[in-house]
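Hi everyone, thanks for coming. Let me put the model on the screen, and then we can walk through it together.

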Amino acid sequence: MKDKYDVIVIGGGAAGCEAALAAKNAGVKNVLIIEKEKRLGGILNQCVHNGFGLTHFGEELTGPEYAERVAENVVKAGIDVLLEAEVIEITEGYEVKFASYNEGIKTVSTTALILATGSYERNAGAILLPGERPPGILTAGQAQLLMNVEGYAVGKRVFILGSGDIGLIMARRMTLEGAKVLGVAEIMPYSNGLNRNIVQCLQDFDIPLYLSHTVSNVYGRKHLEGITISRVDEKFNIIEGTEIYFEVDTLLLAVGLIPLTSLLDKLGVKFSKSRSAVVDERLETEKPGLFMCGNSLHIHDLADEASKEGELAGLMAANYVLNKNKKAEQKVKLLQVSPSNGVNYVIPNFVNYPSEVDEITFRLRVSKPMLRSKICFYVDDKLIKTKFYPFLIPSEMTTITLKKEELIDGKSLTLTAEEING
Amino acid sequence: MKDVIIIGAGVIGGLIARELSRYEVSFLIVDKENDVANGTTMANSAIVHSGYDPIPNSKKAYFNRKSVPLFPKLCEQLDVELDNIGSLTVALYEEQLPLLDSLVKRAKENDVEVKLLNKEEVLAIEPNLNPEVLAALYAKDAGIVNPFQLTVHAIENALDNGGELLLNAEVLKINKKEGHYEVVTSKGIHLAKVVVNAAGVHSDDIAKMVGDNSFEITPRKGSYFVIDKLAEPLVNHVVFPLPKGGSKGILVTPTTAGNILIGPTSEYSSDKTDIGTDAPTLNKIRESALTLVPSIPFNKTIRTFSGLRATPNTGDFIIEESKVAPNFINVAGIESPGLASAPYIGIYVVEELIGKLLPLKEKKNFNPKIKKYTKPKLLNEAEIAELHKKDPRFARMICNCEQVSEGEIIEILSRSVPVNSIKAVKKRLRAGFGKCQGGFCQIHVMKVMADFYKVPLSKIVFDEEDSYIVLDDKDER
């Protein structure tokens, strides 16, 4: 390991590894990945189900297989990797302080920094889960880790809160492990998971899905004994008298992920309303040389998507490093990007005009399910692009690319999503 | 036979034990829980009240005021986090101004220094307050403390100076014998000349075992929000609204760990074990707190919890020898400002109450200090390098949110107060107290414990005995 690097990537998951590879392949000499676990691959290592790699590797892989391939590529490319090292601080001047059993607590400096630290799960505290707090309440990821990596069983009678893909996949996983899954509750009036998962993970095993329901109480002191779920109104308030009791020893919470960005707290990086760090189309934050990708920027549905985003961050970090000493070229202007009607959030939050990239990628989620619909791009009041969709759902990230030439000069870029009537 | 048995290993029992360990007196602390500091001490506002608020001449006023000056030295000796940040009691409405004036008067009667601040002065030191604030009472002596550390370390100090502790020992019966008491617990029968009842919400039930029906304790539930550590401080002081209906109201305060604590509510309960939370109560807290500090980021909530105050029907602390049972000392009804009163309660119970019943001969080798804990976070580079050379486990992070190393966990496992549960680790080191709430670190904490105690992972409990996290193995089903 060296004292100084050109690019340091924090986090060796799908996004981070790809970022390091892209930077290295673009000609950056000294690239380091700092990873807290014993191996590269991040959360992929505990996702033993398949469905990964279709776009990134052109074939269907399990999580660990995907992780292994990525790790092999990293080693082949000659990228330095520091495992079992936890980054504890980043300074203004990109001094990265880490702690590791082998190295101690040390500092290594870098020209460009890519944050790919992933996300953490919303838990009982974050969702204000009512009732008692006995053991037996686990996040889906915790259960995955205990079962798939550590080889322990966690429960026999299970209820799952949250019907995103993670909740659905855990329903199947727990069933295959021999547990009885009594149901899945979803606070929204629709599932947030892929249709194929609703069929393959719930319907095939006769697991009921309770839409517009949430957990309204938790019972048990020494261990979880049971829960009630209740119907909710359109404002998500519990409707009295609709309680259904389930005797369970395990409640899995699959209620969403939150970008893990604690390392940025002291750097004064700006965040958007959706709790994403504010970045431009090059995935650079407002701090020059600090790039973001993967779930630490915003939550992705697929590892493949995170890899792709990582690739861009790596390439842009490389450009930053390799062109750092060149004279500033033409002055660029920033357009502020805003989600509007029907769009929940969009990455990036700014685009440069003119842009340094040929294709500007927008990643967004709509705010509600829509049938035949369109997404429109406006620069100030002028419509510059429209894209049509047979349907749009919040649980599937929508990716749209805009050619460099399609962007025009202006102050702001607004995105809308709406159904087409008639 | 022991000289003294202390029932209850909360902050009160703990500080009594620590005072008692100064003397040539044998004693045993018993608690029904699987860890010390597991009842009211585990769930409260963690505040050292300045003492202006209690009714003058009450025990609450007396013990609070006597205790506040003791905190700095005590926390230094016991290696406990304490921050003397001061408190602000805020008037938001015209009709509250007379109340503020009456509090100034009361503070004077209680001999507590306070200062009335006008709007500009308040907003200058607490800019995130509701801009409609009219005035506030500033009490410089108020502060925040880590109540878990205070209790665990006080008991550690008591044990290191010769005391004994028995956990998972629920007191079932107390028999009065000739010249001593026979305390029947779920972990055997123990004899003592003097019994101290510091059993929190259960102290009336314990008193009844010796025929003392002189008081009743009603649990009064308080619920709280904990907000994640923020990049910029939200408030710099303990911020109270003006008292309303028996409670000090919903306060907003930093904690010694850097979180924001918001609560408590005040609801009488019939169940001495019910510490569940519910949505309507939490909504009330949110509403009330937002009128005080409108910018509280409730979307960064990392936990909600409830605790029970031991509210007595006598209206004041009960700190005296029982009138019907000689040599049986009640230290009961220690609701707010109980934590802020605990240090002097400890001294008073030992010197004034136990001292009347037993001869107190000072120990020659009493050590008032506990062995300092290793805190890698506070060390400089050279010290860290040295520490890592000595034990690399201090550089292996187990809890990322709170940056707790394996070395620190091993260190608490090796101290004299037993660490039997994941919650006990959390209480001592904050592993699992952060934003992921153990999502990442719980398994690693379990592994360190299993390895240290040489037991399988399936024997590691969350809190109570038998509260296991994982089943034996996959075949068990």
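Let me start with a question: leaving aside neighbours within four places in sequence, which residues is A:Ser216 in contact with? The partners are A:Pro130, A:Thr228, A:Ile229, A:Ser230, A:Ile238 and A:Glu243, where contact means heavy atoms within 4.5 Å. A:Ser216 itself sits in strand β14 of chain A, residues 213-219. Strands here are DSSP runs of E with at least two residues, helices are runs of H or I with at least four, and both are numbered from the N terminus. A:Ser216 counts as buried because its relative accessibility is 15%; buried means under 20% relative accessible area, exposed means over 50%, and partly exposed is in between, with a 1.4 Å probe and protein chains only.

Before going on, a word on the ground rules. This is a predicted model, so local features need pLDDT of at least 70 and side-chain atom pairs count only at pLDDT 80 or more, while totals for chains, interfaces and linings use all residues. Residues are numbered from 1 along each chain as its sequence is written, chains are lettered from A and ligands numbered from 1 in the order in which they are written, and side-chain values use heavy atoms, with hydrogens and water left out.

Now chain A as a whole. It has 6 helices and 27 strands. Of its 422 residues, 58% count as buried. Its C-alpha atoms fill a box of roughly 70 × 65 × 40 Å along the principal axes. The radius of gyration is 22 Å, which agrees with the value near 22 Å for a compact globule of 422 residues; that radius is taken over C-alpha atoms, and the globule rule is 2.2 Å times the number of residues to the power 0.38. Take the contacts in chain A between residues at least 6 apart in sequence: 63% of them join residues at least 24 apart.

Over to chain B, with 13 helices and 22 strands. Here 61% of the 477 residues count as buried, and the C-alpha box is roughly 60 × 55 × 50 Å, again along the principal axes. A compact globule with 477 residues would have a radius of gyration near 23 Å, and chain B, at 22 Å, agrees. Among chain B contacts between residues at least 6 apart, 72% join residues at least 24 apart.

At 18% relative accessibility, B:Pro241 counts as buried.

The rule finds 3 salt bridges across the interface, each a side-chain nitrogen of Lys or Arg within 4 Å of a carboxyl oxygen of Asp or Glu. A:Lys222 forms a salt bridge with B:Glu464, with the closest N and O atoms 4.0 Å apart. Thanks, and I'm happy to take questions!
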